[in-house]
There are 2 protein chains.
Amino acid sequence: MINVVLLGTGNVATHLFRAFAATENVRVRQVYNHSETSLSFFSNKTAVTTSLDDLFEADIYLIALKDDVIAETAQQLSGRKGIVAHTSGGSSIEVLDSCDRRGVFYPLQTFSKQKTLDYSQIPFCIEAGTGEDLELLRAMAGPISGKAYEINSPQRKRLHLAAVFVCNFVNHLYAVGETICQEGDMPFEILQPLIQETAHKIISDSPRDVQTGPAIRNDKSTIKAHLDLLQDPENKEIYHLLTKAIQTFHGKKL
Amino acid sequence: MINVVLLGTGNVATHLFRAFAATENVRVRQVYNHSETSLSFFSNKTAVTTSLDDLFEADIYLIALKDDVIAETAQQLSGRKGIVAHTSGGSSIEVLDSCDRRGVFYPLQTFSKQKTLDYSQIPFCIEAGTGEDLELLRAMAGPISGKAYEINSPQRKRLHLAAVFVCNFVNHLYAVGETICQEGDMPFEILQPLIQETAHKIISDSPRDVQTGPAIRNDKSTIKAHLDLLQDPENKEIYHLLTKAIQTFHGKKL
């Protein structure tokens, strides 16, 4: 049994709590947050506290707090025996330097609080100061998805950047698509099969091999017609830039 | 039984041929293309011809050719009794004005020639000169997916534009993500669950309600770190513009 004290009550903390609750090998003994209110979801499920001085002993102190408070929180845990690990894609393991045993346990997924998720699909990017601690983090990922990748801090930073492109930016393009549909009195559902197939396609094929559309065909009249149709100046700019980027990317390759 | 003469041998034509072949109610009697070579795939499955003068009688002449040759091809079919319909998202029904009976049968999907597709998921955007011809087009979509939306030419132009955002541009962002992974010696598969979940999420929720990431949080230090990390000037520009666009889009809404 791995005993965990979870610090944080946001999206990542809430989903990790749920994921651990469904396993037999990991137990979240306590949840910490500086404010009482956000602890209410957890308080009838496990112990909670608003004080870092009152944390239980644990194998792992898992910090799922905002990036800019990880270092100071870790400092207050520096005397603890367990591993102090954070869950952040954007923070180096070095922000935990005040602690003897340190690690990173970064779940590479997009979390919305209300949404249920298939935890068995989440890849965990793990890093630790020692091989032994790495194994403990791997054991913590095991019962959830079994997918643990050893990723060092510079790699994780890149991965976090890649995630912004394939998740946050992609979602915004979905929002633009939805807006264009609505402005033409068409239901967004009409685009769903296309969206799902576009994502599905690249499970088996590299995205660079399945690029389609007016940009890669250099279909100038369609590109012009689309730019004429776009009213919103920012969407026009996006269309222009991504068309150019597709042509540069594939031009370079050819 | 609906008899179809199919004009074209590209991605759309090939997939439509396969989709019709799997139904009982639609029969592709003949495939036309101006060049002999590209007809070889079809020649042992149905009649083929390279001459527009030799086309069989049919209920529907389905033009799945490049946008810029649709009008001239339609002109040569102007004496025909059947409906002359094209499959293009970007062309108006007016390019068929030389024909008495005209229609549009636009499958809203991304087609790669080699890739097998679940045709039962394809929405068809249909348009016709008369209600009777519209029903014939609907009947042609029926046995494939049953998903037929009546969409007029200005709407279809918008839809085609939306498709560029949610399919072609999204695929390019996947390609950028893959490149960033490769440059950091990480397998692209690590991003797959995130990509699939990002697409899956918006089946039930509007993309504007599930936007996450540093842009919408206005997390300036992460945005700066990401921009510093990006080497490629075009990817830097994409990061910058999409971050700004997300902030404008959600700022407007708030």
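This is a predicted model: local features need pLDDT of at least 70, side-chain atom pairs count only at pLDDT 80 or more; totals for chains, interfaces and linings use all residues.
1. Symmetry. Chain A can be laid on chain B by a turn of 180 degrees with a shift of 0.0 Å along the axis, and the RMSD is then 0.0 Å. The two copies are therefore related as by a two-fold rotation axis. Within chain A, the C-alpha nearest this axis belongs to A:Val170, and the distance between them is 2.8 Å. The same surface serves both copies, since 100% of the contact residues of chain A recur in chain B.

2. Extent of the contact. The size of an interface is often given as the accessible area lost when the parts come together. For chain A and chain B the buried area is about 8900 Å², and 67% of it lies on carbon and sulfur atoms. The contact draws 92 residues from chain A and 92 residues from chain B.

3. Polar and charged pairs. Between chain A and chain B there are 34 residue pairs in polar contact, counted where both residues have pLDDT 80 or more. Eight salt bridges are found across the interface of the two chains, and in one salt bridge the side chain of B:Glu237 meets that of A:Lys244, with 3.8 Å from N to O.

4. Elements that take part. On the side of chain A that touches chain B, the elements giving two or more residues are α5 (153–183), α6 (192–204), α8 (220–229) and α9 (233–253) of chain A. The largest share of that side comes from α5(A), which gives 28 residues. By residue type, the side of chain A that touches chain B divides into 47 nonpolar, 27 polar and 18 charged residues.

How values were computed: Residues are numbered from 1 along each chain as its sequence is written. Chains are lettered from A and ligands numbered from 1 in the order in which they are written. Side-chain values use heavy atoms; hydrogens and water are left out. Copies are superposed by least squares on the C-alpha atoms of residues with pLDDT of at least 70 in both. Contact means heavy atoms within 4.5 Å. Buried area is the accessible area (1.4 Å probe) that two parts lose on being put together, summed over both. A salt bridge is a side-chain nitrogen of Lys or Arg within 4 Å of a carboxyl oxygen of Asp or Glu. A polar contact is a pair of N or O atoms within 3.5 Å; within protein, one must be able to donate a hydrogen and the other to accept it, and residues adjacent in sequence count only if both atoms are side-chain atoms. Helices (H or I, at least four residues) and strands (E, at least two) are DSSP runs, numbered from the N terminus. Ala, Val, Leu, Ile, Met, Phe, Trp, Tyr, Cys and Pro count as nonpolar, Asp, Glu, Lys and Arg as charged, and the others, Gly among them, as polar.
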